[in-house]
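Good morning, and thank you for coming.

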Amino acid sequence: MKSFIYDRYGYDVNVNEGSFTYKDFVFKIERVEKSEEELRVINDLCQNITHDTFAKVASICANRNNVFLTPYEDYNVVLVSVEKFHVSFDDVIFFHRKYISYLYQEEPINLIDIKTRWINKTSYIKEKVLNSFSMSSPYYDKLRKVTLYMLGYADNAIQYLEDLIIDKGEKLTYLTIAHKRLRRLTSYDLCNPLNLVYDSPTRDLAELYKFHAISKEELLHSLNHYSFSSKDITFLLARLLYPTYLFDLLETSYEEKKDIHRYIELIYLNLSSQMSSLAYIYKVIKQKYMIRPIHFLENKR
(Lines give C-alpha, C1' and ligand atoms only; values in the text may rest on other atoms or scores of the structure.)
Protein backbone atom coordinates (compact mmCIF):
# COMPACT_ATOMS: atom_id res chain seq x y z
CA MET A 1 0.00 0.00 0.00
CA LYS A 2 2.89 2.39 0.73
CA SER A 3 4.26 2.03 -2.80
CA PHE A 4 0.75 2.21 -4.28
CA ILE A 5 0.08 5.57 -2.59
CA TYR A 6 3.43 6.94 -3.73
CA ASP A 7 3.01 5.70 -7.31
CA ARG A 8 -0.57 6.95 -7.70
CA TYR A 9 -0.66 10.02 -5.45
CA GLY A 10 2.93 11.07 -4.80
CA TYR A 11 2.91 10.80 -1.00
CA ASP A 12 6.01 9.10 0.44
CA VAL A 13 4.62 8.21 3.87
CA ASN A 14 4.15 5.34 6.28
CA VAL A 15 0.74 3.77 5.82
CA ASN A 16 -1.34 1.93 8.43
CA GLU A 17 -4.29 -0.07 7.06
CA GLY A 18 -4.68 2.31 4.14
CA SER A 19 -4.51 5.55 6.13
CA PHE A 20 -1.85 8.09 7.04
CA THR A 21 -1.45 11.59 8.46
CA TYR A 22 0.28 14.37 6.57
CA LYS A 23 0.48 18.09 7.48
CA ASP A 24 -2.55 18.15 9.81
CA PHE A 25 -4.67 16.07 7.42
CA VAL A 26 -5.91 12.49 7.72
CA PHE A 27 -5.77 10.55 4.44
CA LYS A 28 -7.46 7.24 3.82
CA ILE A 29 -7.91 4.92 0.86
CA GLU A 30 -11.62 4.14 0.43
CA ARG A 31 -13.16 1.50 -1.80
CA VAL A 32 -15.90 2.92 -4.07
CA GLU A 33 -18.42 1.82 -6.68
CA LYS A 34 -19.42 5.31 -7.84
CA SER A 35 -18.62 6.92 -11.17
CA GLU A 36 -16.14 9.76 -11.71
CA GLU A 37 -19.01 12.21 -12.24
CA GLU A 38 -20.81 11.11 -9.07
CA LEU A 39 -17.60 11.58 -7.11
CA ARG A 40 -17.16 15.10 -8.49
CA VAL A 41 -20.67 16.05 -7.34
CA ILE A 42 -20.08 14.54 -3.89
CA ASN A 43 -16.69 16.23 -3.59
CA ASP A 44 -18.04 19.68 -4.49
CA LEU A 45 -20.90 19.33 -2.01
CA CYS A 46 -18.64 18.14 0.80
CA GLN A 47 -16.06 20.89 0.26
CA ASN A 48 -18.78 23.52 0.51
CA ILE A 49 -20.40 21.95 3.58
CA THR A 50 -17.16 21.49 5.50
CA HIS A 51 -15.91 24.99 4.72
CA ASP A 52 -19.23 26.68 5.53
CA THR A 53 -19.78 24.71 8.74
CA PHE A 54 -16.32 24.42 10.28
CA ALA A 55 -14.02 26.54 8.06
CA LYS A 56 -12.03 23.35 7.39
CA VAL A 57 -11.07 21.31 4.33
CA ALA A 58 -12.32 17.86 3.30
CA SER A 59 -12.03 16.44 -0.19
CA ILE A 60 -11.46 13.52 -2.50
CA CYS A 61 -7.91 13.74 -3.84
CA ALA A 62 -7.12 13.56 -7.54
CA ASN A 63 -4.44 11.04 -8.47
CA ARG A 64 -1.44 11.64 -10.74
CA ASN A 65 -3.76 11.34 -13.75
CA ASN A 66 -5.94 14.12 -12.34
CA VAL A 67 -8.96 11.85 -11.79
CA PHE A 68 -10.53 10.49 -8.61
CA LEU A 69 -10.97 6.81 -9.45
CA THR A 70 -7.88 4.63 -9.14
CA PRO A 71 -7.87 0.88 -9.94
CA TYR A 72 -6.58 -1.30 -7.10
CA GLU A 73 -6.54 -5.09 -7.39
CA ASP A 74 -9.99 -5.89 -8.84
CA TYR A 75 -11.90 -2.77 -7.70
CA ASN A 76 -11.66 1.04 -7.63
CA VAL A 77 -10.51 3.23 -4.77
CA VAL A 78 -10.21 6.92 -3.97
CA LEU A 79 -8.02 8.83 -1.55
CA VAL A 80 -9.99 10.96 0.90
CA SER A 81 -8.38 13.84 2.79
CA VAL A 82 -9.87 15.56 5.86
CA GLU A 83 -8.28 18.31 7.93
CA LYS A 84 -7.79 17.30 11.56
CA PHE A 85 -9.70 19.27 14.17
CA HIS A 86 -11.36 18.60 17.49
CA VAL A 87 -14.96 17.41 17.21
CA SER A 88 -17.48 17.44 20.04
CA PHE A 89 -21.04 16.12 20.17
CA ASP A 90 -22.21 19.75 20.02
CA ASP A 91 -20.56 20.00 16.60
CA VAL A 92 -22.67 17.09 15.37
CA ILE A 93 -25.86 18.73 16.63
CA PHE A 94 -24.85 22.05 15.04
CA PHE A 95 -24.12 20.25 11.78
CA HIS A 96 -27.57 18.65 11.77
CA ARG A 97 -29.44 21.83 12.66
CA LYS A 98 -27.62 23.89 10.05
CA TYR A 99 -28.77 21.66 7.21
CA ILE A 100 -32.27 20.68 8.32
CA SER A 101 -33.77 23.92 7.01
CA TYR A 102 -31.54 23.76 3.93
CA LEU A 103 -33.06 20.45 2.91
CA TYR A 104 -36.75 21.06 3.60
CA GLN A 105 -37.60 21.04 -0.10
CA GLU A 106 -35.90 17.71 -0.75
CA GLU A 107 -37.93 14.53 -1.17
CA PRO A 108 -38.89 12.67 2.03
CA ILE A 109 -37.39 9.26 2.71
CA ASN A 110 -39.53 6.14 2.70
CA LEU A 111 -39.57 4.08 5.87
CA ILE A 112 -40.68 1.03 3.90
CA ASP A 113 -37.34 1.11 2.07
CA ILE A 114 -35.50 1.17 5.39
CA LYS A 115 -37.61 -1.69 6.74
CA THR A 116 -36.81 -3.72 3.62
CA ARG A 117 -33.06 -3.12 4.05
CA TRP A 118 -33.25 -4.19 7.69
CA ILE A 119 -35.19 -7.34 6.81
CA ASN A 120 -32.71 -8.25 4.07
CA LYS A 121 -29.69 -7.69 6.29
CA THR A 122 -31.24 -9.64 9.17
CA SER A 123 -32.04 -12.53 6.82
CA TYR A 124 -28.46 -12.49 5.54
CA ILE A 125 -27.12 -12.78 9.09
CA LYS A 126 -29.56 -15.59 9.93
CA GLU A 127 -29.14 -17.61 6.76
CA LYS A 128 -25.50 -17.06 5.82
CA VAL A 129 -23.42 -15.76 8.70
CA LEU A 130 -24.95 -17.61 11.65
CA ASN A 131 -24.63 -20.96 9.89
CA SER A 132 -20.97 -20.29 9.08
CA PHE A 133 -19.84 -20.27 12.73
CA SER A 134 -17.39 -23.08 13.45
CA MET A 135 -18.42 -25.24 16.40
CA SER A 136 -14.76 -26.06 16.98
CA SER A 137 -13.95 -22.42 17.72
CA PRO A 138 -13.38 -21.59 21.42
CA TYR A 139 -15.51 -18.48 20.82
CA TYR A 140 -18.44 -20.38 19.32
CA ASP A 141 -20.77 -20.26 22.35
CA LYS A 142 -20.33 -16.53 22.97
CA LEU A 143 -20.49 -15.68 19.28
CA ARG A 144 -23.71 -17.63 18.81
CA LYS A 145 -25.29 -16.26 21.98
CA VAL A 146 -24.49 -12.64 21.07
CA THR A 147 -25.76 -13.11 17.52
CA LEU A 148 -29.02 -14.78 18.55
CA TYR A 149 -29.56 -12.14 21.23
CA MET A 150 -29.08 -9.32 18.74
CA LEU A 151 -31.23 -11.01 16.13
CA GLY A 152 -33.99 -10.73 18.70
CA TYR A 153 -33.29 -7.00 18.92
CA ALA A 154 -33.40 -6.76 15.13
CA ASP A 155 -36.76 -8.53 14.91
CA ASN A 156 -38.19 -6.16 17.53
CA ALA A 157 -36.78 -3.14 15.67
CA ILE A 158 -38.34 -4.26 12.39
CA GLN A 159 -41.71 -4.86 14.05
CA TYR A 160 -41.55 -1.46 15.79
CA LEU A 161 -40.73 0.22 12.49
CA GLU A 162 -43.61 -1.60 10.82
CA ASP A 163 -45.95 -0.39 13.57
CA LEU A 164 -44.68 3.15 13.03
CA ILE A 165 -45.50 2.95 9.33
CA ILE A 166 -49.02 1.75 10.15
CA ASP A 167 -49.54 4.46 12.77
CA LYS A 168 -47.89 7.47 11.15
CA GLY A 169 -47.32 6.66 7.48
CA GLU A 170 -44.29 5.73 5.43
CA LYS A 171 -42.82 9.18 4.72
CA LEU A 172 -40.25 10.88 6.95
CA THR A 173 -39.65 14.59 6.29
CA TYR A 174 -37.56 15.91 9.21
CA LEU A 175 -34.25 15.31 7.47
CA THR A 176 -30.75 16.68 7.25
CA ILE A 177 -27.28 15.77 6.06
CA ALA A 178 -26.31 12.81 8.21
CA HIS A 179 -23.82 9.96 7.90
CA LYS A 180 -23.78 6.35 6.75
CA ARG A 181 -22.00 5.40 9.96
CA LEU A 182 -21.01 8.03 12.53
CA ARG A 183 -19.18 5.91 15.06
CA ARG A 184 -16.59 8.31 16.46
CA LEU A 185 -16.34 12.01 17.17
CA THR A 186 -13.51 12.68 14.73
CA SER A 187 -13.20 15.14 11.88
CA TYR A 188 -12.65 12.31 9.41
CA ASP A 189 -15.88 10.52 10.35
CA LEU A 190 -17.85 13.77 10.39
CA CYS A 191 -16.55 15.28 7.12
CA ASN A 192 -15.60 12.29 4.96
CA PRO A 193 -17.49 13.02 1.70
CA LEU A 194 -18.20 9.31 1.20
CA ASN A 195 -19.88 9.15 4.61
CA LEU A 196 -22.52 11.82 3.96
CA VAL A 197 -26.14 10.80 3.36
CA TYR A 198 -29.56 12.43 3.31
CA ASP A 199 -31.43 11.04 6.31
CA SER A 200 -32.97 11.70 9.69
CA PRO A 201 -30.59 13.10 12.34
CA THR A 202 -31.71 10.16 14.49
CA ARG A 203 -29.44 7.97 12.35
CA ASP A 204 -26.31 9.64 13.73
CA LEU A 205 -27.64 9.92 17.29
CA ALA A 206 -28.40 6.19 17.40
CA GLU A 207 -25.07 5.13 15.91
CA LEU A 208 -23.02 7.36 18.20
CA TYR A 209 -24.82 5.91 21.20
CA LYS A 210 -24.50 2.30 20.04
CA PHE A 211 -20.76 2.80 19.49
CA HIS A 212 -20.37 4.34 22.96
CA ALA A 213 -19.23 7.69 21.55
CA ILE A 214 -21.96 9.41 23.59
CA SER A 215 -23.68 8.43 26.84
CA LYS A 216 -27.38 7.82 27.35
CA GLU A 217 -27.55 11.13 29.21
CA GLU A 218 -25.98 12.98 26.28
CA LEU A 219 -28.35 11.28 23.86
CA LEU A 220 -31.42 12.25 25.89
CA HIS A 221 -30.23 15.82 26.41
CA SER A 222 -29.58 16.24 22.68
CA LEU A 223 -33.27 15.67 21.91
CA ASN A 224 -33.97 19.17 23.26
CA HIS A 225 -32.01 20.65 20.33
CA TYR A 226 -34.28 19.18 17.66
CA SER A 227 -37.92 19.62 16.71
CA PHE A 228 -38.62 15.91 16.85
CA SER A 229 -42.18 14.64 16.54
CA SER A 230 -43.38 11.41 18.14
CA LYS A 231 -42.80 9.84 14.70
CA ASP A 232 -39.13 10.88 14.70
CA ILE A 233 -38.68 9.67 18.26
CA THR A 234 -40.25 6.30 17.47
CA PHE A 235 -37.87 6.01 14.53
CA LEU A 236 -34.96 6.82 16.88
CA LEU A 237 -36.00 3.97 19.19
CA ALA A 238 -36.22 1.57 16.25
CA ARG A 239 -32.71 2.60 15.21
CA LEU A 240 -31.45 2.12 18.76
CA LEU A 241 -32.88 -1.39 18.75
CA TYR A 242 -31.45 -2.41 15.39
CA PRO A 243 -27.87 -3.76 15.98
CA THR A 244 -26.07 -2.31 12.95
CA TYR A 245 -22.75 -2.37 14.81
CA LEU A 246 -22.83 -6.14 15.38
CA PHE A 247 -24.22 -6.97 11.95
CA ASP A 248 -21.51 -4.86 10.29
CA LEU A 249 -18.89 -6.77 12.28
CA LEU A 250 -20.37 -10.14 11.37
CA GLU A 251 -20.63 -9.19 7.71
CA THR A 252 -16.98 -8.07 7.66
CA SER A 253 -15.88 -11.24 9.40
CA TYR A 254 -17.85 -13.47 7.04
CA GLU A 255 -16.85 -11.75 3.79
CA GLU A 256 -13.29 -10.67 4.59
CA LYS A 257 -12.32 -13.39 7.09
CA LYS A 258 -11.36 -10.86 9.75
CA ASP A 259 -11.00 -11.79 13.41
CA ILE A 260 -13.70 -10.01 15.44
CA HIS A 261 -13.55 -12.11 18.59
CA ARG A 262 -12.30 -9.31 20.86
CA TYR A 263 -15.25 -7.17 19.81
CA ILE A 264 -17.65 -10.04 20.42
CA GLU A 265 -16.16 -10.50 23.87
CA LEU A 266 -16.90 -6.86 24.72
CA ILE A 267 -20.45 -7.07 23.41
CA TYR A 268 -20.99 -10.32 25.35
CA LEU A 269 -19.81 -8.74 28.59
CA ASN A 270 -22.08 -5.73 28.12
CA LEU A 271 -25.33 -7.44 27.07
CA SER A 272 -27.05 -6.90 30.41
CA SER A 273 -25.94 -3.28 30.86
CA GLN A 274 -26.88 -2.50 27.28
CA MET A 275 -30.41 -3.76 27.83
CA SER A 276 -30.69 -1.74 31.06
CA SER A 277 -29.46 1.44 29.37
CA LEU A 278 -31.84 1.02 26.47
CA ALA A 279 -34.73 0.43 28.86
CA TYR A 280 -33.80 3.62 30.72
CA ILE A 281 -33.74 5.65 27.48
CA TYR A 282 -37.09 4.20 26.45
CA LYS A 283 -38.77 5.02 29.77
CA VAL A 284 -37.50 8.62 29.81
CA ILE A 285 -38.63 9.17 26.22
CA LYS A 286 -42.02 7.55 26.87
CA GLN A 287 -42.74 10.11 29.59
CA LYS A 288 -42.34 12.99 27.11
CA TYR A 289 -43.58 11.65 23.78
CA MET A 290 -46.68 9.76 22.66
CA ILE A 291 -45.14 6.53 21.39
CA ARG A 292 -46.11 2.91 21.07
CA PRO A 293 -44.94 0.76 23.99
CA ILE A 294 -42.01 -1.60 23.56
CA HIS A 295 -43.22 -4.47 25.70
CA PHE A 296 -39.93 -6.32 26.22
CA LEU A 297 -38.40 -3.12 27.65
CA GLU A 298 -41.32 -2.26 29.96
CA ASN A 299 -40.17 -4.33 32.92
CA LYS A 300 -36.42 -4.00 32.47
CA ARG A 301 -34.29 -2.05 34.92
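I begin with one side chain. Leaving aside neighbours within four places in sequence, Lys115 is in contact (heavy atoms within 4.5 Å) with Ile158, Leu161, Glu162 and Ile165. Lys115 lies in helix 4, residues 111-129; helices (H or I, at least four residues) and strands (E, at least two) are DSSP runs, numbered from the N terminus. With a relative accessible area of 18%, Lys115 is buried; buried means under 20% relative accessible area, exposed over 50%, and partly exposed in between, with a 1.4 Å probe and protein chains only.

A word on the source. This is a predicted model, in which local features need pLDDT of at least 70 and side-chain atom pairs count only at pLDDT 80 or more, while totals for chains, interfaces and linings use all residues. Residues are numbered from 1 along each chain as its sequence is written, and side-chain values use heavy atoms, with hydrogens and water left out.

Next, the whole chain. The protein chain has 13 helices and 9 strands. Its radius of gyration, taken over C-alpha atoms, is 20 Å, close to the 19 Å that the globule rule (2.2 Å times the number of residues to the power 0.38) gives for 301 residues, so the chain is as compact as a globular protein of that length. Of the 301 residues, 48% count as buried.

Let us turn to helix 12. Among the buried residues of helix 12 are Leu271, Met275 and Tyr282. The helices against which its buried residues pack include helix 5 (140-168) and helix 9 (230-241).

Helix 9 also meets helix 7. Which residues of helix 7 take part? They are Thr202, Arg203, Leu205, Ala206, Tyr209 and Lys210, and they meet Asp232, Phe235, Leu236, Arg239 and Leu240 in helix 9.

Finally, two loop residues. Asp24, between strand 1 (19-22) and strand 2 (25-32), has a phi near 65°, a positive value in a residue other than glycine. Is Asp24 buried or exposed? At 57% relative accessibility, Asp24 counts as exposed. Ala55, in the loop between helix 2 (36-54) and strand 3 (58-61), has a positive phi of about 55° although it is not a glycine. Ala55 counts as exposed at 56% relative accessibility.
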